[in-house]
Amino acid sequence: MSDGVLRRAGVPALLACALLVTACGADADGGTDESSAAESAGFAAPAQQTSFGDFAAPAQDSPTGADSAWTTSDQTGTEATGPVHPVPVPGLAKEFTDQIPAETSQVLVATSPTAASEKSSLSFYEFTDKKWKKLKTFDTHNGSKGWLKDRREGDKTTPIGVFTLSDAGGFKANPGTDLPYTQDDRLPSSATVAYGADYESVFDYIIAIDYNRRPGTPPTDKTRPLGWEKGGGIWLHLDHDSGTNGCVTLDEADLKWIMRTIDPDAHPRIAMGPAPEVKK
């Protein structure tokens, strides 16, 4: 939706700015605001303007027809449709290794001690010399309400499953990633509208997690193939020292390292959830 359409529809200018992008985060005092969007800093609105639910915009319809094939496999964490990777990622439970295809040679694993935890860790694995090697492990935050496989819009949980990593972006210029990168100058103002000036930089760098989104589009694309009620805008982005509304967050140096290391030709995946479920 363009600026002009929003103004003609009578949407206030400040809210119109917020409607343009999608992401997750925390409020200005470091917590999470009940009136903020579930995953969307860009969709957050003052309490008196939340008549559409957690999002300050109407839901979008799920795609139909030709799109239905990829929405049921790529977006829901089902088993890989092709051959499964012959070497399981170390410590990953069978339900998750069954979702890693043979073509994948980079896997990120994000876990926390319990399903209710908002503090987590993320390890980066690469398949070389016929074995998986853990390159690095980072401290992260996930949803302030923990993890949930059957998550819903507004429940402040991070989805459990295995997802592709197809697209990146941010306010700042490409830091050196080979993922398709979309720079968006509107991201700082959106973060400020939603969370205050202290959070204007949390979307400087983003990797979109392909949960309920259309791969091959900018991270801010609002298409929700599984329906609006499942939420969306689940990203890897910069940490704000607290639990999120669904995203996984890292320190800037760590996220930039991941962006520079991740290889689209490696068909990267992220497996994420609480350790009791994700790990064997």
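**Close-ups of a predicted model**

**View 1. Met272 and its partners.** Skipping residues up to four places away in sequence, Met272 touches Phe96, Ala110, Trp147, Thr158, Pro159, Ile160, Gly161, Phe163, Ile209, Ile234, Val248 and Val278 (contact means heavy atoms within 4.5 Å). This is a predicted model, so local features need pLDDT of at least 70 and side-chain atom pairs count only at pLDDT 80 or more, while totals for chains, interfaces and linings use all residues. Residues are numbered from 1 along each chain as its sequence is written, and side-chain values use heavy atoms, with hydrogens and water left out.

**View 2. The nonpolar cores.** Met272 turns up again among the residues with the most contacts inside the largest nonpolar core, along with Leu122, Ile207, Leu236 and Ile270; that core has 39 residues. Apart from it sits another core of 9 residues, including Tyr199, Ala208, Trp235 and Cys247. Here a nonpolar core is a set of buried Ala, Val, Leu, Ile, Met, Phe, Trp, Tyr and Cys residues joined through side-chain atoms within 4.5 Å. Buried means under 20% relative accessible area, exposed over 50%, and partly exposed in between (1.4 Å probe, protein chains only).

**View 3. Thr97 in helix H4.** Thr97 belongs to helix H4, residues 94-97 (helices are DSSP runs of H or I, at least four residues, numbered from the N terminus). Thr97 counts as buried because its relative accessibility is 11%. Beyond its neighbours within four places in sequence, Thr97 contacts Val84, Pro88, Val89 and Leu92.

**View 4. Ala275 in helix H7.** Ala275 is part of helix H7, residues 275-278, and at 23% relative accessibility Ala275 is partly exposed. Leaving out neighbours within four places in sequence, Ala275 contacts Thr111 and Ser112. Ala115 is 160 residues from Ala275 in sequence, yet their C-alpha atoms are 7.9 Å apart.

Key
Helices (H or I, at least four residues) and strands (E, at least two) are DSSP runs, numbered from the N terminus.
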